[in-house]
There are 2 protein chains.
Amino acid sequence: MGAREVRRGDDEADRGTLVTPSAEFPPLGPEERAALSRIGERWRAPRGPDELPVDPTLGRNRPGPTPSRFGRLTPIDMFTVEEPDELVAAEPANLPGSRAGRMLTRLRRVLVGPPLSSSAVLYERMRKVVALPILSSDLLSSIAYGPEAMLAVLVLAGSAALGLSLPLAALLVVLMIAVGLSYRQTIPAYPHGAGSYIVASDNLGTTTGLAAAAGLMLDYVLTVSVSIAAGVHAVTSALPGLAPATVPLGVLAIAVLLAGNLRGVRTAGNIFVLPTYAFVVAVLALLVIGYLRAAGRGFTAVPPPTVPAVEGLGLLVVLRAFASGAVSMTGIEAVSNAIPAFRRTEWRNARTTLSWMVAMLVVLFVGLVGLIHLNGLAPRPGETILSQLGRVTFPVGPWYALLQAATALILLLSANTAFNDFPRLLFFMARNGHAPRRFLHLGDRLSFNNGLVALALAAAVIFAAFGGNTEALIPLFAVGVFLAFTLSQAGMVVHWRRHRDRGWRRRLAINAVGAALSGVVLLTAGIGKFAEGAWVVVIAVPLLVLLARRIQRHYATLHHALALHPPPSAGPAPPPSASGSAPGGAPPGPAGSAEGEELPQEVRHLVVVPVARLNRASLRALAYAASLGQPTLAVHIAPEEAESDRFREQWRAWGDHLRLETIVSPYRAVIGPLAHYLEALHATRPELTLTVIVPEVVLRRRWHRPLHSRAEKRLRGALRALPGVVVTSVPVHPPE
Amino acid sequence: MGAREVRRGDDEADRGTLVTPSAEFPPLGPEERAALSRIGERWRAPRGPDELPVDPTLGRNRPGPTPSRFGRLTPIDMFTVEEPDELVAAEPANLPGSRAGRMLTRLRRVLVGPPLSSSAVLYERMRKVVALPILSSDLLSSIAYGPEAMLAVLVLAGSAALGLSLPLAALLVVLMIAVGLSYRQTIPAYPHGAGSYIVASDNLGTTTGLAAAAGLMLDYVLTVSVSIAAGVHAVTSALPGLAPATVPLGVLAIAVLLAGNLRGVRTAGNIFVLPTYAFVVAVLALLVIGYLRAAGRGFTAVPPPTVPAVEGLGLLVVLRAFASGAVSMTGIEAVSNAIPAFRRTEWRNARTTLSWMVAMLVVLFVGLVGLIHLNGLAPRPGETILSQLGRVTFPVGPWYALLQAATALILLLSANTAFNDFPRLLFFMARNGHAPRRFLHLGDRLSFNNGLVALALAAAVIFAAFGGNTEALIPLFAVGVFLAFTLSQAGMVVHWRRHRDRGWRRRLAINAVGAALSGVVLLTAGIGKFAEGAWVVVIAVPLLVLLARRIQRHYATLHHALALHPPPSAGPAPPPSASGSAPGGAPPGPAGSAEGEELPQEVRHLVVVPVARLNRASLRALAYAASLGQPTLAVHIAPEEAESDRFREQWRAWGDHLRLETIVSPYRAVIGPLAHYLEALHATRPELTLTVIVPEVVLRRRWHRPLHSRAEKRLRGALRALPGVVVTSVPVHPPE
């Protein structure tokens with residue numbers, strides 16, 4: 001096969017494409033590691049760290065208890081010791097502390113199952129026979145509407161034009177095989193994820209990759225709303241009484257899909273095995289019976305009903321019909337993103353699955369188009385062409401009903417492909433900083449919770465906004481898909497030119513054909529359907545690319561600002577004027593020198609305690625402040641002179657243990673003058689770290705909160721922007 | 001007058017009823033002061049407080065600069081020294097730190113004027129000639145609808161019953177004089193605020209006082225919406241094109257009133273002087289001309305138009321007519337709440353103003369009822385009876401239009417009385433803990449901003465909810481007002497029985513008559529109009545009383561929990577088992593012994609630094625923690641074993657300066673296990689104070705926030721409920 005040769009030799013990159021829970025914790029680069037050691041060498045704590053007053057391992061040396069599912073363990077029992085200085089948190093330690101939070105978490109666990117340990121990540125892989133239905137439901141369900149979409153365009157030019165369906169179908173089969181072969185080559189080349197985003201980014205640059213990703217993201221969201229709409233429509237056609245409940249039904253279906261996917265890959269797969277195979281069997285049975293009957297007639301085609309031509313049979317109509325028929329191929333890319341979810345050897349299993357899928361697609365598509373032609377069927381409003389075909393082929397018996405049921409079910413479930421791929425795409429994007437980092441997080445069932453929820457939300461909003469009539473969106477998503485196809489295959493062309501492995505010319509040629517054909521479809525769909533809605537994609541894709549780039553820039557700026565740099569004095573060539581700028585590419589001093597310290601001996605303290613009145617809470621804050629043994633200043637804001645004097649008098653009664661500064665605020669504001677005073681203090685000695693210690697009375701009941709000024713919170717907000725000001729809340733929990 | 005004799009001798013209570021900015025800072029009681037000294041005696045800081053590294057007076061010894069109105073001073077220039085260790089904040093120190101906040105504050109200042117210093121509080125007092133229009137607009141405007149309300153009930157029994165208006169008016173005059181005399185007696189007895197809430201609370205108990213307050217609060221809110229509705233209705237009657245904009249116009253009028261009142265007492269008064277006097281002059285002119293014409297006819301009454309009787313002339317109709325006519329008296333209580341806003345001697349000026357008001361009320365009311373009778377007018381839909389009278393009396397010339405304009409204007413402005421009294425009532429309630437404490441705050445224009453805004457919001461919501469048709473609410477507020485009148489005067493009866501000053505029997509008799517008459521009106525209005533809406537008051541008053549009592553209980557519980565108590569060892573009789581419970585009524589230990597400390601030597605520290613990754617932010621947090629010189633422990637939560645090992649390896653590269661504990665969280669949650677670990681640590685040594693030091697990357701742009709997990713915030717939330725856990729945010733401000 002030569003596949004092993006074309007695998008990229010770069011082990012580091014290979015590891016990088018693995019889906020692992022540690023992706024949230026990227027390792028330090030070699031420069032940062034060196035800087036870390038340099039910084040560490042200069043660390044001098046003002047006092048050696050004392051013996052800790054507690055045992056950090058919580059005194060655990062016995063084996064941990066078995067956590068009960070619904071019982072509440074004492075906090076200590078939630079941790080077991082595995083190695084010295086290393087605890088392992090038991091499952092109950094994940095429960096939130098509040099009662100409402102625990103109830104919610106338990107409800108979620110009833111719905112999606114108990115949490116899965118990180119060590120289970122390797123076992124949550126798919127066998128091929130399971131992967132096929134999971135990944136192909138989208139692709140195969142497309143043939144339920146793809147041929148019809150093509151015929152619906154042709155019929156505009158009159159019933160005679162319907163005969164063009166056969167050559168167009170042949171062209172589409174060429175396209176399917178070309179794209180299939182293309183992806184067959186891509187999978188071993190990118191064995192840890194061969195999605196369009198990765199391939200296009202790698203070979204054509206980030207922007208191109210992001211454009212492919214944006215196209216796919218639109219596709220996934222629309223696929224969910226459209227297929228749910230089609231499925232719900234099939235249900236309400238059978239049971240018209242349910243029609244008013246279209247939106248709740250659709251949202252419920254999306255919620256069920258979400259719940260199923262939150263349970264994790266394997267469980268989700270089990271739901272989809274039967275309907276997919278049932279659909280395939282039903283359509284195959286339709287084809288066999290249908291062709292047997294046609295054979296009985298000697299394969300003479302029934303002439304289609306006479307439909308008047310609305311427009312002439314020009315090239316544009318043919319191209320639009322071709323592009324419409326190409327929606328039968330949406331979903332073909334599902335395997336390439338999902339390679340890491342296969343069992344070992346992942347890429348080989350994925351490639352085999354892809355071959356099966358394309359083969360099934362070609363057989364079903366050609367069979368259906370041919371049979372429709374032989375039976376002389378034309379699209380008509382109110383009944384799908386697949387339903388017409390079913391009625392003609394199965395005039396009696398339950399077979400027609402079974403076919404319709406399987407179709408409805410696979411349309412509903414085809415949305416699942418998007419649930420498989422969308423979170424994975426976001427994971428890859430987030431790893432490069434192109435999407436919010438939370439999409440890196442593997443949920444407690446080892447699924448990408450955040451991505452799944454984001455997809456479900458977006459699809460549900462679109463579904464509800466269109467009131468469940470999302471059929472109008474079908475033209476939209478073909479554009480997104482073929483954008484991704486074209487860019488991915490064009491990327492592979494560049495890839496082969498760069499790598500020039502054995503047989504690269506042949507591979508390049510295959511990918512080039514795929515790219516060219518996909519590009520034609522993209523252009524046809526984009527131009528032919530521009531007014532029908534494709535303009536949305538033309539606007540949305542650049543916006544998404546822009547957003548991703550801005551997200552990436554933010555992360556990069558932040559990473560640069562927070563990255564470790566060697567300290568100035570230990571730098572390789574300390575410049576004479578190294579006061580402000582450190583060598584080694586240190587960023588400009590981050591907003592005030594008080595935040596530059598990385599060493600304890602550099603921290604100069606001033607502790608400030610704002611005191612409004614003398615009570616247990618403020619005395620506790622004062623005691624806490626004084627116990628730190630750092631220079632401490634108390635500040636009182638008084639609304640008028642008289643109150644200031646009264647407070648000073650109380651202060652003296654207490655013993656005048658700390659220096660007190662009172663500030664009369666003649667306009668009675670508290671937070672503003674206090675924040676400005678701290679700013680002014682800071683301005684006199686910018687190298688000081690000001691620790692503001694605020695007592696915080698913790699109110700347990702929510703309705704009590706408006707009864708208090710919550711000065712602690714407002715002060716924290718006012719001090720946020722000041723550099724070098726540390727805010728410490730000393731909580732007091734009144735009984736109640 | 002004997003008024004000085006009846007002033008309460010209790011100076012402490014007198015001071016307590018003064019409206020002063022220091023009300024937000026109540027003084028310590030003698031027991032608390034003693035406890036404070038005892039606690040202070042035992043204070044031992046672990047190290048003597050060092051010389052402060054800064055000058056807390058900011059090195060100010062020169063006179064402060066003159067702050068420019070719109071210029072931004074450097075923080076240091078915002079403070080001037082008045083006494084040693086006492087700074088005074090200049091006006092710019094009140095501005096918020098953020099640019100948007102400063103813009104908003106400046107916009108507000110353009111609308112309501114520059115801030116007023118606390119020292120101006122004495123000057124913001126009203127002269128009588130200004131107080132009269134401010135406080136009487138509500139009362140006088142009532143006569144625009146009071147007589148009509150009475151006649152509208154009488155006419156139900158047919159036109160013949162209209163003749164009963166004269167004896168009923170005589171009865172109402174008796175009631176007005178009785179209530180007026182009652183309040184004349186109350187004012188010197190409660191010279192710092194003689195509102196029904198204070199008088200009823202003082203003499204009949206808290207619940208009764210709160211019932212009076214609830215009645216008045218309903219009255220004030222309804223007065224605003226009703227009079228704005230009447231005023232807007234007068235405007236839209238004249239200019240029908242504006243009718244669709246009723247709600248925006250009303251809300252705009254409320255906003256204008258709010259802005260005027262936020263500007264402060266004196267400025268608000270200036271707006272109201274002219275319209276009130278104009279209305280009085282207009283009605284007086286109407287009366288003079290009207291009676292001159294009637295004199296020309298020899299005072300023969302024109303017979304009223306024949307109206308068929310809808311119901312028989314029973315006692316109930318007469319009583320309802322009496323109660324309806326009594327709405328002419330709403331607003332009579334305005335002076336009693338506003339005594340502190342008068343110039344010295346406050347109570348004397350207030351009493352004189354009250355007398356003028358009642359005299360004007362009686363003259364206008366009697367004059368109008370008589371003139372209506374003489375002209376044989378009856379209420380009819382579409383035109384107010386005052387308008388009919390105006391048309392009859394001023395058949396030509398601009399006088400009719402002027403009368404209508406003055407009426408519309410005073411109805412609009414009568415809402416202002418509520419703006420004067422409502423915030424003051426809330427201030428008195430808040431001082432007793434019966435309302436949220438924020439109503440104690442004097443805004444930067446020396447007005448009770450929070451109360452004003454609350455009233456405007458409530459009135460605007462009611463106005464908008466009823467679409468500006470608030471006339472239906474008129475029966476509601478008579479019930480609230482007369483509830484307050486009755487309780488206030490009944491309270492005065494008790495007051496005289498208790499104090500028995502010179503002439504107490506006469507005074508008691510006057511108040512008893514007032515209470516009895518008000519009580520009759522209250523019962524009549526409550527029963528006669530129960531179905532028309534009075535039931536709302538019957539439900540709302542107890543609910544408001546209940547709410548106020550719950551608020552008071554919360555404040556009391558909290559005050560008790562935070563009050564200072566003498567330390568156990570210095571207590572007068574330390575019990576042998578004084579480990580948990582302190583003598584002197586100390587509350588049960590507030591949730592964990594780690595929060596009991598009031599002395600620095602009692603605080604035992606453990607510093608815990610959660611570290612997710614090693615970067616500048618976390619190294620700064622570690623350096624900050626180590627620089628405190630307390631036992632320190634670093635904690636890392638790893639999603640899997642491999643990541644934990646990698647982190648430990650980095651930790652060693654750094655130099656292993658602090659003890660590190662890693663916790664593998666196999667279900668990948670971070671906040672939950674960390675919070676439970678801290679809880680478990682705390683459980684092993686409950687007397688420790690755990691200081692959790694969290695690096696916080698401060699993001700300046702709002703749209704960046706969803707890109708981060710904001711673990712600092714979530715951790716703070718999870719740790720809120722844990723006693724003895726102090727959370728410290730060490731901010732890092734990345735450049736951008």
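Mentor: Buried means under 20% relative accessible area, exposed means over 50%, and partly exposed lies in between. Keep these cut-offs in mind. One more point before we start: this is a predicted model.

Trainee: Let me try the cut-offs. Is B:Arg33 buried, exposed or partly exposed?

Mentor: B:Arg33 has 27% relative accessibility, so this residue counts as partly exposed.

Trainee: Which residue pairs with B:Arg33 in a salt bridge?

Mentor: The general idea comes first. Side chains of opposite charge can pair when their charged atoms come close. Here B:Arg33 forms a salt bridge with A:Glu649, and their closest N and O atoms are 2.4 Å apart. This pair crosses between chains. B:Arg33 sits in helix α3 (residues 30-41) of chain B, and A:Glu649 sits in helix α22 of chain A. A:Glu649 is partly exposed because its relative accessibility is 32%.

Trainee: What does a salt bridge inside one chain look like here?

Mentor: Take A:Arg685 and A:Glu687. Their closest N and O atoms lie 2.5 Å apart. A:Arg685 has a relative accessible area of 26%, so this residue is partly exposed. A:Glu687 is partly exposed too, at 31%. Now look at chain B. B:Arg685 forms a salt bridge with B:Glu687, with closest N and O atoms 2.6 Å apart. B:Arg685 is partly exposed because its relative accessibility is 27%. B:Glu687 is partly exposed at 32%.

Trainee: On to the interface. How much area is buried between chain A and chain B?

Mentor: The size of an interface is often given as the accessible area lost when the parts come together. Between chain A and chain B that area is about 14800 Å², and carbon and sulfur atoms give 58% of it. A:Arg616, A:Tyr667 and A:Arg668 supply 6% of the area that chain A buries against chain B, more than any other three residues.

Trainee: And counted in residues, how many are in contact?

Mentor: 172 residues of chain A are in contact with 172 residues of chain B. There are also 51 residue pairs in polar contact between the chains, both residues at pLDDT 80 or more. Helix α22 (residues 641-654) of chain A gives the largest share of the side of chain A that touches chain B, ten residues. By class, that side has 93 nonpolar, 37 polar and 42 charged residues.

Trainee: Next, strands. Which strands of chain A and chain B are joined, and do they run parallel or antiparallel?

Mentor: Look for the bridges, then the direction. Strand β7 (residues 725-732) of chain A is joined to strand β7 (residues 725-732) of chain B by three bridges, and the two run antiparallel. For one place to look, find A:Val727, which stands opposite B:Ser729 in β7(B).

Trainee: Which strand of chain A is joined to β7(A)?

Mentor: Strand β6 (residues 688-697) of chain A, through eight bridges, and these two run parallel. In β7(A), A:Val732 is the bridge partner of A:Val697.

Trainee: How many residues of β7(A) are buried?

Mentor: Eight of its eight residues, so by the under 20% cut-off the strand is mostly covered. Read the two faces separately. A:Val725, A:Val727, A:Ser729 and A:Pro731 point one way. A:Val726, A:Thr728, A:Val730 and A:Val732 point the other way, and all are buried.

Trainee: Now a helix. What covers the buried residues of α6(B)?

Mentor: Count first, then find the neighbours. Helix α6 (residues 146-154) of chain B has seven of its nine residues buried. Among them are B:Met150, B:Leu151, B:Val153 and B:Leu154. The cover includes α5 (128-142), α7 (165-189), α12 (315-325), α14 (346-374) and α15 (385-393) of chain B.

Trainee: Last, a loop residue. Where is B:Leu722, and what does B:Leu722 touch?

Mentor: B:Leu722 lies in the loop between α24 (711-719) and β7 of chain B. B:Leu722 counts as buried because its relative accessibility is 12%. Leaving out residues up to four places away in sequence, B:Leu722 touches A:His733, B:Ala675 and B:Glu679.

Note on methods
Residues numbered from 1 in each chain as written. Chains lettered and ligands numbered in written order. Predicted model: local features only at pLDDT ≥ 70, side-chain atom pairs only at ≥ 80, totals over all residues. Heavy atoms only, no water. Contact = heavy atoms within 4.5 Å. Buried area = accessible area lost by both parts, 1.4 Å probe. Polar contact = N/O pair within 3.5 Å; in protein donor to acceptor, adjacent residues only side chain to side chain. Helix = DSSP H or I, 4+ residues; strand = E, 2+ residues; numbered from the N terminus. Nonpolar A, V, L, I, M, F, W, Y, C, P; charged D, E, K, R; others polar. Pairing = 2+ DSSP bridges. Salt bridge = Lys/Arg side-chain N within 4 Å of Asp/Glu carboxyl O. Buried < 20%, exposed > 50% of the residue type's maximum accessible area, 1.4 Å probe, protein only.
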